[in-house]
Amino acid sequence: MASPTTLRTPYDVRVDIVKDAIKAHSKLDGDAANELAVHVLQALNSIPEKVR
């Protein structure tokens, strides 16, 4: 029997990249770093692309 495959969206990959950077440079645990990563990506996505 084949094991189930979990599909990771590009957004999930970006959250993990930001979460790993936050964890590497702070004392936050995984859950707090993940929550902060989501907020960081939301803030970055709210900046118009021409400004980015």
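**Entry 1: before I start**

I count two residues as touching when their heavy atoms lie within 4.5 Å. I also remind myself that what I have open is a predicted model.

**Entry 2: the whole chain**

I started with the secondary structure. The protein chain holds 2 helices and 0 strands. Helix α1 runs over 10-24 and helix α2 over 30-46, with a loop between them.

Next I looked up the overall dimensions. The C-alpha trace spans about 50 × 30 × 15 Å along its principal axes. How does the radius of gyration of the protein chain stand against that of a compact globule of 52 residues? The chain comes out at 14 Å, while such a globule would be near 10 Å.

Then I checked the surface. The chain exposes about 4,500 Å², and carbon and sulfur atoms supply 59% of that area. Of the 52 residues, 13% are buried.

**Entry 3: the core**

Which residues make up the largest nonpolar core? I noted 6 of them: V15, V18, I22, A33, A37 and L41. Helices α1 and α2 each give at least two residues to this core.

I picked A33 from that list and looked up its contacts. Leaving out residues up to four places away in sequence, A33 touches K19, I22, K23 and L28. I22 is itself a member of the core, and L28 sits in the loop between the helices.

**Entry 4: K19**

K19 was on the contact list of A33, so I turned to that residue because I wanted to know its cover: at 19% relative accessibility, is K19 buried or exposed? K19 counts as buried, because the cut-off is under 20% relative accessible area. K19 has its place in helix α1.

For the contacts of K19, I again set aside residues up to four places away in sequence. That leaves G30, A33, N34 and A37. Two names here were already in my notes, as A33 and A37 belong to the largest nonpolar core.

**Entry 5: salt bridges**

How many salt bridges turn up in a search of the whole structure? The search finds 2.

One of them pairs D16 with R8, and their closest N and O atoms are 2.4 Å apart. R8 is partly exposed, with a relative accessible area of 48%.

K19 comes back in another bridge. Its partner is D16, with the closest N and O atoms 3.5 Å apart. K19 and D16 both lie in helix α1, 3 residues apart, which is about one turn of the helix. Through shared partners, the salt bridges link R8, D16 and K19 into one network.

With neighbours within four places in sequence left aside, K23 is in contact with L28, D29, G30 and A33. I followed up on A33: it lies 10 residues from K23 in sequence, and their C-alpha atoms are 6.1 Å apart in space.

H25 belongs to the loop between α1 and α2. Its relative accessible area is 72%, so H25 is exposed. I also looked up how far H25 is from V13, which is 12 residues away along the chain. Their C-alpha atoms are separated by 19 Å.

**Entry 6: the nonpolar patch**

Which residues form a nonpolar patch on the surface? I wrote down L28, L36, V40, L44, I47 and V51. Together they have about 450 Å² of accessible area.

L28 is in the loop between the helices, and is partly exposed at a relative accessible area of 37%. I47 is found in the segment after α2. Its relative accessible area is 32%, so I47 is partly exposed too.

Last, I looked up the spacing of I47 and L36. They are 11 residues apart along the chain, and 17 Å separates their C-alpha atoms.

L28 is the residue I kept running into. It is part of the surface patch, A33 touches it, and K23 is in contact with it.

Notes: Residues are numbered from 1 along each chain as its sequence is written. This is a predicted model: local features need pLDDT of at least 70, side-chain atom pairs count only at pLDDT 80 or more; totals for chains, interfaces and linings use all residues. Side-chain values use heavy atoms; hydrogens and water are left out. Patches are made of residues with over 30% relative accessible area and no salt bridge: like charges are joined within 9 Å, nonpolar side chains (Val, Leu, Ile, Met, Phe, Trp, Tyr) within 5 Å. Accessible areas come from the Shrake-Rupley method with a 1.4 Å probe; for residues, only the protein chains shown count as cover. A salt bridge is a side-chain nitrogen of Lys or Arg within 4 Å of a carboxyl oxygen of Asp or Glu. Helices (H or I, at least four residues) and strands (E, at least two) are DSSP runs, numbered from the N terminus. Buried means under 20% relative accessible area, exposed over 50%, partly exposed in between (1.4 Å probe, protein chains only). A nonpolar core is a set of buried Ala, Val, Leu, Ile, Met, Phe, Trp, Tyr and Cys residues joined through side-chain atoms within 4.5 Å. The radius of gyration is taken over C-alpha atoms; the globule rule is 2.2 Å times the number of residues to the power 0.38.
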